[in-house]
Structures are given as structure tokens and as C-alpha cells.
Amino acid sequence: MASATPASRPADRAPAVPVHAQPPQAVWERTGSRPGGLTAEEVAGRGGTATARTEGSQAGAVLEELAESLAEPLMLLLIAVAVLSAIFGELRDAIAIFTVIVIIGAVEAIAEVRAKRALRALRDLSAPNALVRRAGAAEAVPLGGLVIGDVLLVEAGSIVAADARVVEADGLAADESRLTGEPVAAAKGPEPVDADAPLAERSSLLHAGTAVVAGAGEAVVVALGDDTEIGRVGRLVADAKEPPTPLQRAMAELARAALIVAVAACVLVPLLGVLRGQPAREMLLDGLTLAFATIPEELPILVTALVALGGLRLARHGVLLRRLRAAEAVGAMTVLVADKTGTLTENRLLIEHVDGDREHVLAVAAAAHGAAPAQDPVDRALAEAAGERPASDRPARHPFDPVRRRESAVWREPDGAWVAVKGAPEAVLDACAMSEIERASVLADVRRLADDGLRVIAVAGRRAAAAPVDAADAEADLAFVGLAAFRDPLRAGVGDAVAELARAGVRTIVVSGDHPETVAATAREAGVHCSEVMHGGAPLDALDDEGLAERLRGEAVIARATPEDKLRLVRVLQDRGESVAVTGDGVNDAPALAAASVGIAMGARGTDLAREAADLVLVDDAYSTIVRAVEGGRGLASQLRRAVAFYLGAKIGLVVVIAVPLVLGLPAPFHPAHIVILELFMDVGASIAFVSEPPASGAMDHPPRDPARRFLDDTQLSAIALTAAALTAAVLPTFLLVHSRWGTEMAIAAAVAGWLAANTAIAWTLRARPRLAWRRNVAFPAWALTAIASAAVLSLTEVGATLGVDPLTAAATGITIGIAAAAVALAAAGRVALSLSRRL
């Protein structure tokens with residue numbers, strides 16, 4: 001998308017008065033343009049400001065991210081371990097380590113590339129070509145060829161290619177609902193508006209990415225690319241950073257600690273062995289083995305696999321998981337900031353109430369549109385209710401414009417002509433022949449309906465002997481017919497979802513760019529109650545963060561909110577320690593979606609930018625699906641904590657089992673090839689089995705987990721210590737006993753078998769429901785049987801010889817089974833004592 005710079009304007013400094021507040025003549029002067037358009041020479045002179053979009057290939061982007069991933073300290077240490085292993089002739093170990101490096105780097109690189117797509121969605125929101133007038137002739141130009149001062153030609157069905165100041169309009173209206181939050185079409189005209197008019201009331205501007213739904217017009221380009229309203233929102237999205245989750249913080253701390261321990265192992269273990277007179281080469285290899293065991297290289301893969309499985313479960317409920325962090329965050333949300341238009345409501349208008357003869361009021365209102373294509377939500381509702389007349393009976397039509405604030409159509413009658421008029425109540429009543437008492441009574445009815453959040457139009461008409469010559473003549477001395485009120489209906493299940501979330505400890509805040517009365521009525525209907533409606537823009541800016549936070553302690557409603565307001569609300573709540581979820585479907589929601597602890601976008605009606613900025617997408621747009629997402633997220637987070645605790649406990653146990661023999665001057669129980677098999681096969685497999693568990697009942701019967709609570713809290717640390725102690729007790733004595741009687745090769749076989757068997761049994765004791773019927777989670781028993789079978793094959797047959805181990809004798813097998821059984825009993829007793837199944 002092209003980008004406007006100061007060089008593209010005749011003046012070095014932009015005028016202080018915003019373009020929407022300037023008259024058309026001033027806009028021509030400001031842009032150095034004219035109604036006939038720019039000449040070819042002028043376009044060429046401004047062409048330097050139109051920058052071409054260049055994008056690398058998807059494969060190139062993945063390779064770039066892969067290079068960054070491999071440059072991380074832990075990955076560099078793994079590469080060093082692999083290289084040194086190869087240099088010392090341990091090719092089997094080197095190949096195993098390099099395989100792990102490639103898998104981890106690829107997973108991280110692909111995830112990072114997917115996370116950088118948000119800004120590319122801006123291109124999809126704009127027209128690929130634009131119809132402009134240059135040198136007096138109309139021509140289509142590509143989006144990148146537009147310059148400041150180009151004259152856009154638009155009509156119903158056009159996608160606006162740039163921010164442009166309207167200079168001519170004939171019934172021009174645009175759908176800006178996804179930018180402003182208003183579900184009705186915005187009328188456009190050349191008349192300037194107040195300099196401080198909110199975005200939704202800037203009727204003299206067309207915005208890039210919006211759709212023209214009625215009429216035709218001309219507008220001069222005043223902003224391109226990043227300078228447009230959509231571009232500004234895009235910058236907010238790029239700058240918005242979601243806070244790290246407890247798991248992410250814990251993983252970062254763990255990586256730093258593991259790096260220190262691994263480097264220390266590489267240095268201290270060889271040094272200690274050499275000082276005791278052992279061969280330096282063997283000691284260096286043992287140090288590398290311990291370093292490899294210490295690095296939690298599988299943890300990113302483990303978490304990816306866990307969340308992928310959890311995402312599949314959420315997908316069955318209509319929830320698309322786009323980012324890994326959302327799996328943990330969605331169940332932890334404490335506040336849900338909900339957009340109104342298109343999220344709580346359906347973003348379409350239905351006729352809710354009619355004052356007057358219903359059939360007559362609707363017929364006149366539909367006739368006032370004049371049989372033109374009905375793209376505006378109000379006109380579509382009227383056409384559905386009253387039908388349309390043939391256009392051949394209509395000699396004249398006067399489209400809606402933001403100055404008159406009404407529209408009319410003239411229809412032929414056998415004895416003359418009939419005029420039908422509809423529009424804003426005040427504007428229509430000004431054209432009616434009625435007393436002040438009658439006018440005041442009608443306006444009181446209008447206020448009553450508006451206070452209930454309805455969109456109200458007035459309808460009038462008159463008969464004439466001949467067709468009026470213009471709008472002023474047609475819209476005079478009208479007879480008032482009645483009022484029609486419209487509502488953007490609440491989505492099915494919204495009220496129940498809000499109530500269920502409240503019972504689960506999640507409060508709802510409704511934020512919209514719509515009118516205060518409309519937002520308040522929608523919030524009440526949804527079950528969100530507050531004493532007053534806050535206004536976005538200047539009133540919200542007047543509150544400092546502390547004052548705003550105080551007003552957001554309970555449920556709240558904010559109207560006329562801008563994208564900056566929504567983003568600020570998210571940050572203020574997060575600063576108070578809240579885990580904030582945001583729902584939305586429009587461009588104006590994207591910055592808040594990107595900054596939220598978890599962003600939730602509508603899938604069917606949402607814009608590309610909103611979906612790209614979000615963490616979750618509701619495929620069916622059903623608001624009630626959020627409840628299922630929270631419930632599934634809480635279950636997934638619980639199982640994730642169990643799996644990570646089990647993994648870290650096993651990792652610590654592995655380090656201890658390797659380190660103790662080395663300190664005693666004995667060979668290591670495992671080589672890198674063995675470690676790869678144990679960790680990638682067993683730990684990841686066990687964790688997948690955990691996440692395959694069905695969620696425990698009652699997840700929505702208690703408040704969410706405290707966002708400030710550390711991921712590795714006391715409960716997690718207890719589970720980690722129990723797992724590490726049990727695995728150490730199951731493997732280390734076995735290795736030492738077998739080594740003392742049958743030598744190193746058989747001791748390694750015993751250690752591998754003992755580890756696999758104890759690993760499986762301890763994981764079973766840590767299940768949330770150990771007695772769950774196997775049919776409820778086939779993955780867990782299938783994994784357990786595979787693990788036991790693998791232990792038997794590797795330790796009792798010649799298959800183990802490929803890994804440098806000897807088959808166990810009957811006596812060694814008995815020792816291995818006996819010690820592992822005792823360790824598992826210890827783990828089961830510890831689990832009962834700590835009540836981990838209830839506390840995790």
C-alpha cells in the first residue's frame with residue numbers, strides 16, 4: 001500500500017485544521033489538485049511517495065526465522081554438544097542431537113512466521129484498483145499508483161481505496177460498521193463538519209477499506225497507506241504486545257537456569273574427572289552428555305503438541321486456536337471486554353416498533369427510498385417488510401444527504417403525484433405541517449424509543465397536483481405518517497453466556513463506537529448492568545489511569561469508543577493484574593485484540609485484520625461458544641500444568657541419575673542417543689496422554705486462576721519434586737546394583753527399562769482421575785502399554801544391542817522390576833499426601 005509523506009503535499013507543513021473540517025475549495029488548494037484531476041506530470045512528480053509492497057516467499061521467511069531460532073543461547077549450546085560429539089567419533093549421538101535441533105528450530109520458526117501476518121491483512125481490506133479522474137478522463141489505476149490529490153470516483157459497490165475528502169455526492173453512503181462500530185450506513189456529503197467530530201460523524205470523509213453502499217460521488221485523496229485511518233489502526237496493532245503468560249515467564253526463567261547448569265556441567269564434570277585421573281576425552285564426552293540432559297530442548301515441542309491436541313478439542317466446539325499462548329490464557333480470563341456491533345449483536349436491523357398504522361407507515365417508508373437497490377440496513381429491513389414498487393412509476397428521487405438528513409421519492413398517481421419521505425425525526429418534522437404541541441409529542445415518543453436503544457426514523461408524505469421540481473419543493477408541507485424503530489438484535493445465547501461467565505468469575509465490559517443509548521440498551525439486554533455509560537474520546541481522556549481503573553472494577557459500559565480507547569482500557573485492566581479477553585470483528589477492534597491477554601475474533605463476519613490480530617477465532621460467530629472456550633481452556637491449562645510438572649520432574653530426575661554416577665567415578669547410565677529416545681518418546685508421549693484426558697467436571701464452578709500466580713507455584717514444585725524423587729529412586733539404585741554385578745552395558749539396559757516402566761507408572765498416578773475408564777481416554781492406556789512393551793524389547797532382546805546395551809538376566813530383571821515398583825508406590829503415597837489431583 002502506498003504511503004503518503006509530507007513531500008507529497010504542496011506545503012511543507014500540514015494545515016492545523018483537519019481536512020474533514022475544511023470546505024472543498026480549501027481541500028483542492030491543500031492537495032494541489034482540481035476537479036479535473038491531476039495531470040500525468042503531476043502524478044509522476046508525486047510518484048516517489050507511492051511505495052511498492054515487497055514480500056519474501058513463505059519459505060524464505062521460515063528460513064530467516066529458523067536462523068534466528070538457531071542463534072538462541074540454548075540452541076547454540078546444543079549445536080556445540082553435537083559438533084564436539086561428532087569430533088570425538090560419537091556419530092550416533094551427534095546425529096541424534098542434530099535431529100533434535102532441526103525439529104525444535106523448525107517448530108519455533110513456523111510458529112513465528114504465522115504470528116507476523118496481521119499487518120498483511122491491511123492489503124485485503126482495500127481495493128486492488130481504484131477508479132480515478134486524471135487530466136479530465138476516468139481511468140483505473142492500481143492501489144500502489146494512487147497519489148495525494150487523485151480524484152476518486154465511487155459508486156454503490158465500490159471499495160474505497162484511500163482516505164478521501166468528499167467533494168461531490170449524490171445519495172452517497174458507506175458501510176463503516178467495522179471501523180466505527182455503527183451498524184447503519186453513514187451518509188456522505190461535501191459539507192465540512194466540526195474539527196473535533198468523532199470518527200463516526202465525519203460525513204465529509206470516505207475511509208480506506210470501507211464499502212460504498214448507496215449513491216455515487218467524487219472525493220479527493222488526502223491520505224494513503226499508514227496515514228489512513230486503517231493504517232493508523234494497523235500501527236496500533238503492530239505496536240500492541242500481549243503480556244507473557246505465567247507459562248511463558250516460567251519457560252524463560254527455566255531456560256536461563258538450564259543454560260547456567262549446562263555450561264557448569266560441561267566445565268565441572270570433565271575437570272573433576274581429570275583431577276581424579278580419568279581420561280580427559282571420556283570426561284569431556286560425559287560432560288557433554290550431562291549438558292544435553294540438562295537442556296530442556298523438548299519443552300517447546302512438548303507445549304506445541306499439548307496445545308495442538310487441546311486446539312483440536314476446542315475446534316469441535318467451534319473455536320479455532322491461532323496462537324499457542326491462548327490455550328493457557330483463555331481459561332484464565334478475569335475480564336471480557338466485548339464489542340457490541342457484530343459481536344453481541346448480529347449487525348443487522350430488524351423492525352422493532354411502529355407508531356401509527358403499521359402497514360401504511362412501512363409502505364411510505366419503503367417508498368421514500370425510491371426503488372433504488374436496498375443496501376443500507378434500514379432500507380433492507382423496510383424492503384423485506386413492505387416490498388418494493390416498480391421504478392418506472394417514480395419520476396424523481398432525492399437521496400439522503402448529511403445536511404438534509406432525509407430522503408424522498410416522487411411517485412406517479414392517476415390524479416397527480418405522491419411524495420414519500422423518511423429520515424431523522426427532527427429533520428422530517430421540520431418539513432411537516434404540524435403544531436408545536438404535536439411536534440413535542442412526537443419528539444417525546446422518539447426520545448422514549450431512543451432511550452431503549454432503538455434507531456428511530458420519521459415517515460411523512462403528501463399528494464401534489466404535479467411532480468415537484470426539486471427536493472426543497474418535494475419536502476415541504478408534509479403530513480406526518482408515523483415512526484419506525486429498528487433494533488440490531490442480540491445474538492442468540494448472549495444473555496445466557498454473560499450470566500454463565502459471571503458465575504465462573506468473569507465479568508463483562510461492553511465497549512462500542514455506537515451511540516450511548518444504543519450501547520446501554522444492548523448491554524442491559526445482554527445482562528450487563530452499570531449505573532452510567534462512560535463516553536470514549538475526550539471524556540475518557542480526561543480520566544487518569546487510576547480513576548479509570550476504579551470505574552472498571554465491576555461491569556461497565558463505554559460508548560463512542562475509539563480504537564485507542566479500547567487499547568487503553570485493555571492496558572489499564574492488565575496493569576491492575578487482570579487477565580483481559582477482548583472480543584471483536586472490526587478493524588477498530590484489532591489493536592485491542594492484539595494487546596489483550598487473549599483476543600477473540602468472529603470468524604464468519606470478522607475482518608481479516610481482526611482475525612489475524614486475535615488468538616482465538618469463533619468459527620460460527622456464536623457468542624455462547626466463548627463459554628465452551630473458557631471451560632475447555634481451563635481444562636487444558638490444568639492438564640498442561642500436570643504435563644509440564646511431570647516433564648520437569650522427569651528432567652531433574654534424569655540429570656540426577658546421570659550426575660551421581662559421574663561424581664562417583666562411574667560411567668553415565670545414558671548416552672545422548674538413549675536420552676533422545678527417553679525424552680522425545682516418553683516425556684512427550686506421556687504429556688500428550690495427559691492432555692487427551694477429558695476435562696474434570698466443575699471447571700466453571702469456581703473463579704479463574706489468579707493471573708499473578710506463578711506457573712511454577714508451590715503445588716507445581718511439589719509435583720516436580722515428587723516425580724524427580726520417584727524416578728531417581730527407580731533408576732539410580734538399579735543402575736548401581738546391576739553395574740556392580742554385571743557391568744556397564746547391562747546396567748544401562750536396566751536403567752533404560754527401569755526408567756520406562758517407572759515413568760509410565762508415575763504418570764498414571766498423577767492423572768486427574770486415575771480410575772477413569774480406558775474408553776474415555778484411549779491414548780493413555782495405549783501409551784502405557786507401548787512404553788512397557790518398548791522397555792521389554794530394549795532390555796530383554798538383541799534389539800538393545802543397536803544402542804550398545806546387553807540383554808538383562810533374570811536376576812537383573814527382578815532387581816529392575818522390584819526397585820521400580822517400590823518407587824512407584826512411593827510416588828502414589830506422595831500423591832495422596834499432597835492431594836495433587838485437587839490442587840493442580
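**Reading a predicted model**

Q: What kind of model is this, and how is empty space located in general?

A: The model is predicted. Rolling a probe the size of a water molecule over the atoms shows where empty space is left. In this structure, the second largest pocket holds about 1300 Å³ of space.

Q: Which residues lie nearest the centre of the second largest pocket, and how many residues line it?

A: The lining comprises 47 residues, and those nearest the centre are V184, A185, F400, A424 and R455.

Q: How many salt bridges does the structure hold, and where in the chain do E413 and R463 lie?

A: There are 33 salt bridges in the structure. In one of them, E413 and R463 have their closest N and O atoms 3.5 Å apart. E413 is in strand 12 (residues 406-413) and R463 in strand 14 (residues 455-464), so this pair joins parts that are 50 residues apart in sequence.

Q: Is E413 partly exposed or buried, and is R463 exposed or buried?

A: E413 counts as partly exposed, because its relative accessibility is 23%. R463, with a relative accessible area of 55%, is exposed.

Q: Which parts of the chain does the salt bridge between R491 and D621 link?

A: The side chains of R491 and D621 meet at 3.9 Å, N to O. R491 sits in the loop between strand 15 (479-487) and helix 19 (494-503), and D621 in the loop between strand 21 (616-618) and helix 26 (625-663); these distant parts are 130 residues apart. Both R491 and D621 are buried. Elsewhere, D379, R397, E407 and K422 are linked in a network of salt bridges.

Q: How do strands of a sheet pair, and what is the strand order in the open sheet of 8 strands?

A: Strands of a sheet pair through backbone hydrogen bonds, either parallel or antiparallel. Here the order is 8-21-20-19-9-16-18-17, with mixed pairing. Strand 8 (319-321) and strand 17 (534-535) are the edge strands, each pairing on one side only. Strand 17 runs parallel to strand 18 (residues 556-559), and 2 bridges join them. H535 stands opposite A559 in strand 18.

Definitions and conventions
Residues are numbered from 1 along each chain as its sequence is written. This is a predicted model: local features need pLDDT of at least 70, side-chain atom pairs count only at pLDDT 80 or more; totals for chains, interfaces and linings use all residues. Side-chain values use heavy atoms; hydrogens and water are left out. On a 1 Å grid over the protein atoms alone, a cavity is a set of points where a 1.4 Å probe fits but cannot get out, and a pocket is an open set with protein on both sides within 12 Å along at least five of seven lines; lining residues have an atom within 4 Å of a point. Grid points are joined across faces, edges and corners, and a volume is the space filled by probe spheres set on the points. A salt bridge is a side-chain nitrogen of Lys or Arg within 4 Å of a carboxyl oxygen of Asp or Glu. Helices (H or I, at least four residues) and strands (E, at least two) are DSSP runs, numbered from the N terminus. Buried means under 20% relative accessible area, exposed over 50%, partly exposed in between (1.4 Å probe, protein chains only). Two strands pair if DSSP finds at least two bridges between them.
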